[in-house]
Amino acid sequence: MSSTSLAYFSNNTIYSSLVVFTIAFIAHAVEVSWSVKNVAGERKTTFDFDRTERIGRIGSAMMILGFLLLIVADATRGFSAGRVPWGNMYEFSITGALTLTGAYLFSLRKYSLRWLGLPVSISVLLTLGTAIMVLYRPSAPLVPALKSPWLAIHVSAAIISGGVFLVANLVAAAYLWMERYELGTGRPEWAKKLPSLEELDQLSYRLVAFVFPLWTFAIIAGAIWAESAWGKYWGWDPKETWAFITWVAYAAYLHARVTVGWRGRRAAWLCIFAGSTFLFNYIYVNIWGTGLHTYSGL
Amino acid sequence: MSEDFGSGAPEIGARALLRWAWRQLTSMRIALILLMLLGVAAIPGSLFPQRSQNPQKVDQYFNSNPGLANVMDKLHLFNVYSSPWFSSIYLLLFISLIGCVLPRTFHHLRAIGQKPPLTPKNLDRMEGFRVVEGARDDALKIAQKWLKKNGFRIRVTDGSISAEKGFSRETGNLLFHLSLILMLVGVATGGLLGMKGEAIVNVGDRFVNTPTSYDTISFGKFQGEGSLVPFSLTVTNFQASYNPVTQQPTDYLLSTLVSNPIGSKAKPVEIRVNHPLTFGSTKVYLQANGYSPIVTVRDKTGAITYRGPTIFLPQDANLSSLGAIKVPDMNPQIGLIASFLPTASSTPKRGMFSSYPEVLDPRLVLSVWSGNLGMDSGNPQSLYSLDTSKMKRIGLKALTMGSSYNFGSGSITFDGWKPWVNLQIVDDPGKLYALLGAIAAIAGLLTSLFTRQRRIWVKVRHYDDHVELAGLAKNGIPGLDAELDLLQKQIQREIKEK
């Protein structure tokens with residue numbers, strides 16, 4: 001296949017994955033809403049586990065299928081350009097959606113996390129939608145500064161860290177949401193399947209602790225690359241600055257938990273704050289920012 | 001006596017105050033606040049242009065609103081990362097870190113080879129407490145064997161075992177924090193003993209590494225001109241390749257002949273983006289490129305008054321380049337403001353512009369000025385712009401290559417062009433320390449975050465010969481229960497076999 005038809009194939013696969021993720025989203029939405037079932041004539045809210053179980057499984061299956069499609073789309077995009085598929089912001093978003101789904105599916109195997117399917121599928125749909133509508137650029141070779149093995153190392157480490165940070169954020173947000181219910185009238189039926197507050201709290205911490213060294217590595221790999229491409233390993237470029245801010249925020253989060261003993265609400269807010277510095281870096285600095293990291297192609 | 005007393009009392013007060021301040025500074029709470037503050041303090045540097053990165057943008061602030069820009073400058077908002085307030089935050093943070101980590105390091109070093117603490121009296125209050133029934137003293141031996149096999153440090157006392165594993169968690173933790181100090185030392189060394197400069201060199205020209213060859217050069221506080229590596233470099237060729245569809249560059253290749261030291265036999269060296277030329281801690285980078293149009297200016301008699309390539313600065317991605325050609329040896333003096341368009345195109349709306357960065361159909365668009373160039377005024381002049389305050393425009397012309405334009409008091413011929421490259425030369429003797437610090441920091445981080453530190457106790461209950469098991473995991477890290485399960489099963493199995 002020629003590189004143009006490969007790129008074309010990649011685009012079509014992205015469209016297909018969009019459909020699959022939409023089905024996954026609907027399945028998870030139905031799963032959540034069907035958990036609350038008012039049977040006519042009865043005053044009590046009942047709960048049909050069998051039906052939600054099946055639709056939930058359909059949702060998970062669709063997430064897996066979407067994940068596989070994204071792998072294919074991402075790989076063919078890379079082949080069509082003859083390089084790793086994260087040379088501009090469109091490709092970065094596709095790969096980011098891929099890692100977010102991957103991080104979710106990985107956690108799904110270890111923990112009963114299917115409830116996260118709804119927010120994850122929404123996030124993936126939004127990411128892919130923006131990528132196609134706003135960020136799309138034709139597949140093309142790299143500018144000279146990006147021609148380095150560090151592109152594969154530095155950017156993949158950053159993407160994976162970002163995916164896990166976002167999952168940790170969703171978990172922390174779920175914690176805050178559930179806590180509000182529990183402090184008030186108690187969890188509604190649909191939320192009773194979610195993990196306990198303590199489990200949510202632990203999970204978001206473990207995700208951050210797991211990926212913090214990788215984020216540190218992403219920054220250091222970037223510094224090593226910058227040293228060979230730009231002549232200085234650290235120049236307080238806006239992207240570097242915000243990567244540093246994210247690092248500091250998560251370092252503060254880890255210290256607050258491990259040393260000072262923060263748990264629960266305060267820790268969740270700090271986690272969400274740290275995650276939003278990452279999102280800010282990705283969105284603001286890529287699109288409106290200046291500096292040397294302007295590879296979005298926009 | 002009374003005088004002594006009088007002067008002694010506040011001294012004790014001052015010492016107490018200092019001790020109080022030190023204890024505060026090295027407390028975790030203050031360290032956390034400083035850490036967060038460091039993150040917040042880094043933000044303005046990403047919102048406002050910084051002198052070290054984008055001096056032109058800073059100038060724009062001063063031009064458009066001098067009053068505000070002056071206030072911002074007083075607050076160091078254009079030099080955030082070298083400002084006193086930013087520096088004081090990270091220095092305080094590092095003092096706090098040292099004050100916290102050093103005592104812990106000594107404590108940790110002393111603990112090497114020491115046995116785990118004694119078994120607590122009441123195990124039933126500990127995590128994962130369980131009783132293996134009907135076990136005898138054999139159980140202790142079995143447990144000891146199992147714990148040893150699994151890498152626990154063991155203290156055996158009469159009727160009990162105290163075991164600990166995960167000592168390296170604190171080792172990794174300390175290594176991580178000490179490495180951060182090493183990184184700071186590396187950054188400081190680079191700042192104080194380093195050097196950085198830039199020079200634009202035309203293809204065919206030779207660059208000799210002495211301060212006068214540079215367009216800009218700056219040395220660290222404790223570094224001088226003597227530190228420059230004695231090399232010379234001749235630019236033999238420069239090749240830029242572009243993607244014809246996106247017009248983006250795809251490759252730059254700079255071919256050079258390098259002599260080190262100057263005068264020694266020259267060796268051919270290729271420099272690319274991502275592949276700088278290296279002399280020890282000094283590196284030569286290919287940082288930018290552009291065009292130097294070659295012109296000949298003649299006076300009325302036909303005598304040559306100016307000839308050669310003149311460096312023009314690129315203005316856009318298609319390398320439309322702007323420059324000034326100054327001819328002081330004519331009467332009146334002549335100045336030219338010119339645009340070099342490597343591939344000229346024009347539309348009625350935009351006028352002439354460059355539509356491709358490679359030289360395919362070059363034009364030199366000139367405006368000719370006559371009068372006083374102002375070069376004797378003593379004020380430093382930019383090489384790339386013309387001071388037209390004492391000059392009058394006498395002509396406007398777009399030249400194709402090889403053609404000439406007669407502007408009355410003389411003529412100009414557009415002979416050709418040469419590419420130029422911008423070399424950035426950097427010496428950073430501290431970066432090796434920073435790199436070592438970074439690698440050690442990651443190693444420490446991985447060790448500390450993925451090592452579970454826990455204690456396990458085994459104790460014979462004398463009144464019924466049962467064996468008690470319990471443990472304690474630092475920071476409540478899970479997995480202890482599963483480990484105790486394994487130990488319990490092992491004891492039960494082996495006792496049954498006997």
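## Contact between chains B and A

Two residues are taken to be in contact if their C-beta atoms, placed from the backbone, lie within 7 Å. In this predicted model, 39 residues of chain B are in contact with 36 residues of chain A. On the chain B side, the elements that give two or more residues are the helices α2 (28–42), α3 (44–47) and α9 (431–450), together with the strands β8 (249–259), β11 (282–299) and β21 (410–427). By class, this side of chain B has 22 nonpolar, 13 polar and four charged residues.

## Domains of chain B

The domain assignment divides chain B into domain 1 (2–110), domain 2 (112–166 + 452–497), domain 3 (193–289 + 424–437) and domain 4 (294–420).

Between the C-alpha centres of domain 3 and domain 4 of chain B the distance is 29 Å. Contacts between these two domains of chain B involve nine residues of domain 3 and ten residues of domain 4. On the domain 3 side, β4 (195–202) and β7 (232–242) of chain B are the elements that give two or more residues. The largest share, three residues, comes from β4(B). That side of domain 3 of chain B is made up of five nonpolar and four polar residues, with no charged ones.

## Helix α7 of chain A

Helix α7 of chain A covers residues 238–258, 21 residues in total. From its first C-alpha to its last it reaches 30 Å, close to the 30 Å expected at 1.5 Å a residue. Of the 21 residues of α7(A), 18 are buried, so the helix is largely enclosed by the rest of the structure.

Definitions and conventions. Residues numbered from 1 in each chain as written. Chains lettered and ligands numbered in written order. Predicted model: local features only at pLDDT ≥ 70, side-chain atom pairs only at ≥ 80, totals over all residues. Domains from an automatic or database assignment. Helix = DSSP H or I, 4+ residues; strand = E, 2+ residues; numbered from the N terminus. Nonpolar A, V, L, I, M, F, W, Y, C, P; charged D, E, K, R; others polar. Expected span 1.5 Å × (residues − 1). Buried ≥ 20, exposed ≤ 12 C-beta atoms within 10 Å, placed from the backbone.
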